[in-house]
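Hi,

Here is the structure I said I would pass on.

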Amino acid sequence: MITRGTRSLLNVLLRSAVLVGVIGVSPALAQTTNNAPAAAAAKTDAPVARPWMDTSLDPSVRADLILKEMTLDEKLQLTFGYFSTDAAWLKTPTKNWEFPKDGLPGSAGIVPGIARLGIPSQWQTDAGVGVASQRSATPRLRTSLPSGILTAATWNPALAEAGGAMIGNEAFLSGFNVQLAGGMNLLREPRNGRNFEYGGEDPLLAGVMTGHAIKGIQSEHVVSTMKHYAFNGQETNRFTIDHRIGEQAARQSDLLAFQIANEIGQPGSVMCSYNRVNGHYACENDWLLNRVLKKDWGFKGYVMSDWGAAHSTTEAANAGLDQQSGWAFDRSPYFSEALREAVNNGHVSTARANDMARRVLWGMFSVGAFDTPIRGDRAATIDYAAHAAVTRSDAEEGIVLLKNDANLLPLAKTAKSILLIGAHADVGVLSGGGSSQVYSHNAPTSGLIVPDEFNKGFPGPKTYHASSPMTALQARTGARVTYLDGKDPRAAATAARKADIVIVFGEQWTGESIDVPDLALPDAQNALIDAVARANRKTVVVLETGGPVVMPWLSKVGAVIEAWYPGTAGGEAIARILTGEVNPSGRLPATFPASLSQLPRPVLEGDPKLDRDAHPMGNYDIEGAAIGYKWFDKTGRKPLFPFGYGLSYTRFALDGLKAEAKGKGIAATFAVRNTGPVAGKTVAQVYVAAPGWEAPKRLGAFKKVDLAPGASQSVATMIDPRLLATFDTATATWKIAEGDYQVMLADSAASIAQTVTVHLPAQTLDSRGK
C-alpha cells in the first residue's frame, strides 16, 4: 500500500534532477521511440563511406557530411535521451520503463548511437566536481574536485582548467563522453542549495573560471554542458518559479557570465534550466535559446534539457531545445513519437530537425568523440595519485583565510596539545549533496565513511570524503592532536580550556533541490563555537560550507578559515594551510553578508509547499545586474566580508598603476610586491567605474601572482570592452559612453590601493563585444 507520505516522497523524487532510478524503454515502447524501424534499418545495412572521419575538416563540415547519409529517424534519434539508473520505484505502468540498452548503471543517461554510421552513443555522467554516481550499495568511487565555489575562490584559471581535465579524464576512462558539468549560475541568493556547484557572484570571474573548467573537460574528448541556462538562482520552486528580469540587466549579469564562458570553453552543449524566465520555461524560451545563445553569440552546439525540464514538443523544438534528456523524468516523451509526428506534419520544419541533429553532431565532433571513442570502463587505469595532487592543489588555493588575530596561524610549533571539535574532522571532510555527488575512490564500497545523517532520501546521502584533517595534522605537528564531536558544548568548553589551541570545524551541508532557511550554521553550532571561544581565545574556526554564512562569534575567535567543500584530498589541504606548509591564497568569490536584512530579498521568494503546477514569481529586477558586491556598493551596506577578500601569512603591496585606452578596451599595468617574510600568492584585482551603471564599480580584470619574499612582478591586464559598456536592447549592441572612467587597483572590492582616470571615446560594439 502506498501511503500519502510515500506518494509525497515519490513525487518529490520524480521532480528532482538526475536522482536514483531506472529510466529506459521497454521492448514494446522501443518500437515507438526514436529507434529506426526494422525496415529502415535493413535498407541502410550496406557499408557507407565515411568522409566525415577526416579530422582535418572543420566540425561543421563533418556534421554536414554525415547528415547527408542519415534518415529522419536517425536524426531524431539523437534528440532523445534516457535515464540510466535502475530503481524499481521508477517502473510505473504508465511509462513502462526498463533499463536502456547499453546504458551504464548508476549514471545520468544515454542517447543511443547509430552503429552503421559510426555515431557513438552519448554516455552521460554528472557532474562538475567529478564522475558522480547515483546512490546505491556500490556506487562508482572516483576523485572529487573541491566544490565549484572553492575553485572560483582560487581566482586561478589554470587550476580550473587542470581540474576540468582531471575529471574529464576520469569520465572518459569510466566510459562517458558527456559530462553534465560547467555550472555557474551567479550567486544572487546566498541561501541557494546549489551555490557550492557554481562560480560566485561576478560575471567576469564566474565566466572565466567556468570557461576554463569546460575547456579542461573537453580536452579529454568529453562534451561539457554549460549550465543551468539561465537564471536558475534558487532551488525553492525551481521547477516552476518565473524569474522576471529586464533584458539590459540580464545581459550585463548572468548572461554575460555564460557568454564569457562560452567564448573561452566552447562547450559542445548547453543545459537549459528548470525555471521560467520572463514568463516562459527556460527550455522553451525563444529569447534565451534562439536569439541570445544561438543568434547573438553564435553557439554551434546543442541545447539539452535538464532532467525533467522539458514541457512540450513543437514549442520547445521551435524555441531552440535540441535534445530531451533523461526520459522518463518529464511528463511525456516529447521528443520521441510526438516530435516525429510534428516534423511529418510540418509543425516543426525538416530544416529545424536537421539543425537539431547537426548541433548534436557538431558538439561530438568538436571534442573528438568520433575520433577518440570510448573503449568501455577503464577505471582501473585511472592515476588516482596524480589526480589527488590536482584536487589538493585546487583546495589549497581556494581555501580562504578570513581572520588571523595575533598570527594565531600558522599553528605554533610550540603547541603541545591541539583539540579538534566537530564535523567528523577525525575521519573526513564534507561534500555537497545532489546529482553532483562523487563518492571517493578511497572510501568503502558503500561510498560512506559516516552513516547518512540526512536520512531523508535525495539530495542525500550526506557524504564525507575520506581525508581526515586530524590524521593530516598528526603527521605535521609534534603536538598531541585529539578530537571531540562537539555534541555537548559544555564538555567541549571544558576540554578547550585544557588545550593549547582549539580548532572547531563548522559545517553547513547544502544540496540540490533544497535551499537553506538562513545563513546560520545549523544544529546550534554557533552556540558551540561561542562556548569554546569563551573557554579558549586561541580558537580557530574551519568552515566547511556551500556558500556564505554569518558568524556571530567572529569577534571572540582568533582565526577563521573558509574551507568550503574541499574535495577528496581536502583534509590534507586544510592541514597544510593550518600548519603553514602552504600559504593561504584564496579570495572570496562571493560577498559574505552580515545579515539577511542586507540582501535584496531578506525573505526567500516562492514557497516550498507549493506544488508542481504553481506559478510563483521571482523579481530579479530588484537588484538587476547589481549582484553581490555591486548591491553592497550601491546601497552603502557593509558586509561581513567583501568580495575578493582574503588574508595571507605574508604581506603584499600593489602600486604603479597605469591605464590607457587600447583597442576597444582598457589596458592596465601595475606592480605587485611581496613585502612579507614568506613566499605566497595574492590576487590583484582591477575594478572600473563610470556614471550611469548598475552599481558604482565592476570587476574588470584579475591576476593571481606567486612571489618569493621581497620579490616583485609587473602585471599587464586588459579590461573587456563589455565591462565598460551598457547593453542597448533596441539594437542588441554594447555601447561605451564617452567620458572619464576610473580604473582601480585593489586587494578586494572594499580595499582600493590606487586609482587612475582614463578618457574613452563613444563606441558601439556588436552583441559579442566586437
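I'll start with a strand pair. Strand β20 (residues 539–545) runs parallel to strand β21 (residues 559–562), and 4 bridges join the two. Within that pair, Val-541 sits opposite Val-560 of β21. For the terms: two strands count as paired if DSSP finds at least two bridges between them, while helices (H or I, at least four residues) and strands (E, at least two) are DSSP runs numbered from the N terminus.

Before going further, some housekeeping. This is a predicted model, in which local features need pLDDT of at least 70, side-chain atom pairs count only at pLDDT 80 or more, and totals for chains, interfaces and linings use all residues. Residues are numbered from 1 along each chain as its sequence is written, and side-chain values use heavy atoms, with hydrogens and water left out.

How far to trust it? pLDDT is the predictor's confidence in each residue, from 0 to 100. The protein chain averages 93, and 93% of the residues score at least 70. Residues 1–43 have a pLDDT below 50, although this stretch has 115 contacts in the model beyond near neighbours in sequence. Contact means heavy atoms within 4.5 Å.

**The six-stranded sheet**

β20 and β21 belong to an open sheet of 6 strands with mixed pairing, in the order β13-β21-β20-β19-β14-β18. β13 (400–404) and β18 (480–484) are the edge strands; each has a single partner, so one side of each lacks a neighbour in the sheet. On average, neighbouring strands here are turned by 15 degrees against each other, direction ignored.

Two helices to look for: α17 (residues 489–497) lies across β14 (417–421), β18 and β19 (501–508), at about 165 degrees to β14. Helix α19 (residues 570–579) lies across β19, β20 and β21, at about 150 degrees to β20. Axes are lines fitted to C-alpha atoms (for helices, over the stretch in contact), and angles run from 0 to 180 degrees between N-to-C directions.

**A covered strand**

β3 (residues 122–126) is mostly covered, with 5 of its 5 residues buried. Buried means under 20% relative accessible area, with a 1.4 Å probe and protein chains only. Gln-122, Gln-124 and Asp-126 point one way from β3, Trp-123 and Thr-125 the other. Strand β2 (residues 107–111) pairs with β3 in the antiparallel sense over 3 bridges, and Ile-110 stands opposite Trp-123. β3 also runs parallel to strand β5 (residues 178–180), again with 3 bridges, and there Asp-126 faces Leu-180.

**Helix α13**

In α13 (residues 337–344), Leu-339, Arg-340, Ala-342 and Val-343 are buried. Seen down the axis, the buried residues fall within an arc of 160 degrees, so they line one face of the helix; the arc is that of the directions from the helix axis to the C-beta atoms. They pack against α5 (72–77), α12 (314–319) and α14 (350–367). After α13 comes Gly-346, with a positive phi near 85 degrees.

**The disulfide**

There is 1 disulfide, that is, a pair of cysteine sulfur atoms within 2.5 Å. It joins Cys-272 to Cys-283, with S to S at 2.0 Å. The link of Cys-272 and Cys-283 is right-handed, with 110 degrees about the S-S bond. Cys-272 is in strand β8 (residues 269–272) and Cys-283 in the loop between β10 (280–281) and α11 (286–296). Both Cys-272 and Cys-283 are buried.

Cheers

Terms used. Buried < 20%, exposed > 50% of the residue type's maximum accessible area, 1.4 Å probe, protein only.
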